[in-house]
Amino acid sequence: MTTTQVWERAFWPATESEAAQGPRKLPGFVVSSFSPLVAEVADRCLRAQYGEPSAAADDGARTAVVLVSRLGDFATDRAVAKAVDAGRPVQPLLFFQSVPNSVIGHVTTQWQLLGPVVCFSPEGDPEEAALEYADLLFADGEADRALLVVVELATEEGAHGSASALLVAPEDRPTGGEQP
Amino acid sequence: MTAPRPTAEREAVVVTGMSVTTAFGRGTGALREALAAGKPAFGEVTRFDVSRRRAKRAAHLPGAPVLVDELTDLLAQAAGQAGLDAEAVGGTPLLFARHSDPSWPRQPQERQADCHAAATGSTLAARAGLRDARRTYTNACVAASTALADAAALIASGREERVAVAAGYLVDEDVFSLFDAGRALADDGALRSFSAGRRGLLLGDGMGAVILESASAAERRGALPLAGLLGWGRAGDAYHVCQPHPEGLGMARALSAAMARADRAPEEVDYLNAHGTGTSYNDSAEAAAIHRAFGAYAPELPVSSTKSLTGHTLEASGIVEFAVSVLVLQEGLLPVNAGYTGQDPACRLNLVTDAPRSLKARTVVSLNAAFGGANTALVLGAV
């Protein structure tokens, strides 16, 4: 079994004022802060490692993106349910953000990450589940790096959501596309 | 990008149990008969009111089936076919895939924390007597195929001897309304994969359960494999939030990775079960991907999308189409690509149109794609 090494780690919110302001808006995504949170921590993590997207090009070919969220984007689901129950038309933009993959498409396009795209709801600790999953992908030979994003919206009124992103690699072999 | 190692260096993976339900009926037999008949399952939606929607049709079972009840039955049938006793089932993990439940966003805010996909996975594992369900996949139309690939990876690497995979989607008003608002549903009532004049997808009920295990473990038990899962590939497009790469680059990479792992050359593949949603974007991108991955052999490779029969079963697509692929190997009959009205120059493929085609297939490929540029390919072989 490989040992997964954490190369970089980023969080949202990083400060109390950030928490109060909420994550930056993400064009094309509405109603819910789920996708903006994912985009923000992913960008922070990748910038900390690579600086600019062009610097990630070589690694990106074998970088997986794994989104782990126990509850998922329930704010989008609630907006859809509310419109349906009221007999109102559903906002078309909600269709495009109705699955967690969509925001990964935003991240991978910006950073040219070409590895597997996976989202799951974990039983147990989400970060442990993400690391365990990265280890499986590495052992399976389909990625040499993985961007792991753990995100949860707040379930309590007035609270804020939170997200973290980890860039990880297998510890027991060099990266860069060599045959495992 | 280097290819993954062929499974020849690792534990071989076989299918020893399988059960599937679609709008054609409960159990694998209903799907087997429907594939032979080649008639789509679409009808007027009666499960909820569609009078305000552009599209009116879907492929769903009568009444209001309960997902966990249906999947518990399917898992029991799959485990029974695999010949597993309660002790063996109790040592087997579950990988599960589903869409969010329409009841969850209607719960009071204070109950939101209890409403999530992982809870369904764990409930299902407990009811089926399985060991646990550590991950419930939510990555849309590649959720089940990713779960199958990951189950195979767990077995091939020696981490697990046996894994149960289950997935399900039942047509519901929220998703129907959402897809209708996104103009993704065909308003002419048919899903016409790869066809000129195709107008989008139609939704379908789909649920399935599969038991995968190492060939050596199956042999020790004296279990008779239904098929081999020879290769799997997962790759991203890095192109768009919700559109596939127009040249199908991610799908092609997933195909090439799966075939390399299976140690199969393009011309050794007898049939490809396509994602084929019937949307303009997907089908042309997928045709480009097939040409890119199969090269000079692409014009000869028989292809069909059985979504044209079952409807698009979203998170369950991968498991329904995996079952179709196993049936192709067992029955020697390639399913029809229904609803076809003529060639789209962007989708030049050797499509199985008009009627099912007899062919004793030895190797088949199942291809899936999803929003966010997620792509998977699975290679199955006859045993």
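Predicted model: local features only at pLDDT ≥ 70, side-chain atom pairs only at ≥ 80, totals over all residues.
Which residues of β14(B) are buried on one side, and which on the other?

Residues are numbered from 1 along each chain as its sequence is written, and chains are lettered from A and ligands numbered from 1 in the order in which they are written.

Now the opening question. On one side of β14(B) the buried residues are Thr363(B), Val365(B), Leu367(B) and Ala369(B); on the other they are Val364(B), Ser366(B), Asn368(B) and Ala370(B). By buried I mean that 20 or more other C-beta atoms, placed from the backbone, lie within 10 Å of the residue's own; 12 or fewer is exposed, and in between is partly exposed. Helices (H or I, at least four residues) and strands (E, at least two) are DSSP runs, numbered from the N terminus. In a regular strand the side chains alternate between the two faces of the sheet.

Next, its partners. Two strands pair if DSSP finds at least two bridges between them. β14(B) pairs in the parallel sense with strand β9 (residues 271-273) of chain B over 3 bridges, and Leu272(B) stands opposite Val365(B) there. With strand β15 (residues 374-381) of chain B, β14(B) runs antiparallel, joined by 8 bridges. Ala369(B) has Asn375(B) as its bridge partner in β15(B). β14(B) and β15(B) make a hairpin with 3 residues between them, and Gly372(B) in the turn has a positive phi of about 80°.

From the UniProt record, an unreviewed entry, comes the annotation "domain: Ketosynthase family 3 (KS3)" for residues 10-382 of chain B. UniProt positions are given in the numbering used here, feature names are shortened, and annotations may be inferred rather than shown by experiment. In the model, that span is 32% helix and 21% strand, and its end C-alpha atoms lie 19 Å apart.

Within chain B, take Asp283(B), which sits in helix α9 (residues 280-294). Is Asp283(B) buried or exposed? Asp283(B) is buried, because 25 other C-beta atoms lie within 10 Å. Two residues are in contact if their C-beta atoms, placed from the backbone, lie within 7 Å. Leaving aside neighbours within four places in sequence, the contacts of Asp283(B) include Ser193(B), Phe194(B), Arg198(B) and Cys347(B). Asp283(B) and Ala346(B) are 63 residues apart in sequence, yet 8.3 Å apart in space, C-alpha to C-alpha.

On to chain A. Chain A has 7 helices and 5 strands, in the order β-α-α-α-β-α-α-α-β-α-β-β along the sequence. Its C-alpha trace spans about 55 × 35 × 30 Å along the principal axes. Of its 180 residues, 54% are buried.

How do the two chains meet? In chain A, 55 residues are in contact with 53 residues of chain B. The elements giving two or more residues to the chain A side are α4, α5, α6 (101-111), β3 (117-122) and α7 (126-140) of chain A. α6(A) gives the most, with 7 residues. Ser121(A) has Thr136(B) as its bridge partner.

Helix α6 of chain B, residues 173-181, is mostly covered, with 8 of its 9 residues buried. What covers the buried residues includes α4 (74-86) and α5 (92-96) of chain A, together with β3 (57-58) of chain B. After α6(B) comes Arg183(B), with a positive phi near 55°.

Last, the core. A nonpolar core is a set of buried Ala, Val, Leu, Ile, Met, Phe, Trp, Tyr and Cys residues joined through C-beta atoms within 7 Å. The largest one has 204 residues, among which Leu148(A), Val149(A) and Val165(B) touch the most other members. Helix α5 (residues 143-156) of chain B supplies the largest share of this core, 11 residues. Residues that Val165(B) touches include Leu95(B), Ala147(B), Val210(B) and Ile319(B), not counting residues up to four places away in sequence.
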